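Subject: Structure handover

Hello,

Here is the structure for you to look at. My notes follow below it.

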Amino acid sequence: MKEWHHLLPPELGGTDSDDNLVLLDSKAHADAHMDLFRRYGNGNDLAEYRRLMALHEAEQRAVSPPPSPSTGHKLKGIPKKPEHRKAISLAKRGQYVSDEHRAKISASMKGNKNSQGHSSDEYKEKHSKRMKEAWVDRKARMEALWDEAEE
């Protein structure tokens, strides 16, 4: 899918004239917004980058052939690769899940070997520590992006 992108954003004085617009696919459009974020530090460009990357991922999945129904049972219990988990996370971002649906998900996960022990105090403490470390790391990366954008 192609979208129009302002070479000079409207908030910086850009217009909707033909010489300020370019037609880009979702990946190139996302990259353009990341470039704008790095240059000017506008959080809206970072949000647009994330939205467009999720759109790009969805487009890629739509092009890929669906998995064979007979292979689903073979993958049960096998951990997903990091890039697969990231794609799922991007696709699910911003979706609302009702309490009823949450209960169904919870019921379906009972007995799942990938989530055994997640209610133990040891697991919760370890997970809490990892999450705090991840937030510190994320904050440092965002500050680095802001510093880079200021240069």
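How many salt bridges does a search of the whole structure find? The search finds six, a salt bridge being a side-chain nitrogen of Lys or Arg within 4 Å of a carboxyl oxygen of Asp or Glu.

This is a predicted model, in which local features need pLDDT of at least 70 and side-chain atom pairs count only at pLDDT 80 or more, while totals for chains, interfaces and linings use all residues. Residues are numbered from 1 along each chain as its sequence is written, and side-chain values use heavy atoms, with hydrogens and water left out.

One of the salt bridges joins R51 to E3, with the closest N and O atoms 3.6 Å apart. The pair links distant parts of the chain, 48 residues apart: R51 is in helix α2 (residues 43-63) and E3 in strand β1 (residues 2-6). Helices (H or I, at least four residues) and strands (E, at least two) are DSSP runs, numbered from the N terminus. R51 also forms a salt bridge with E48, at 2.7 Å between the closest N and O atoms, and E3, E48 and R51 are linked in a network of salt bridges.

E3 counts as buried because its relative accessibility is 13%, whereas R51 is partly exposed at 41%. Buried means under 20% relative accessible area, exposed over 50%, and partly exposed in between (1.4 Å probe, protein chains only).

Another salt bridge joins K27 and D31 (3.1 Å, N to O). Both residues lie in helix α1, four residues apart, about one turn of the helix.

Regards
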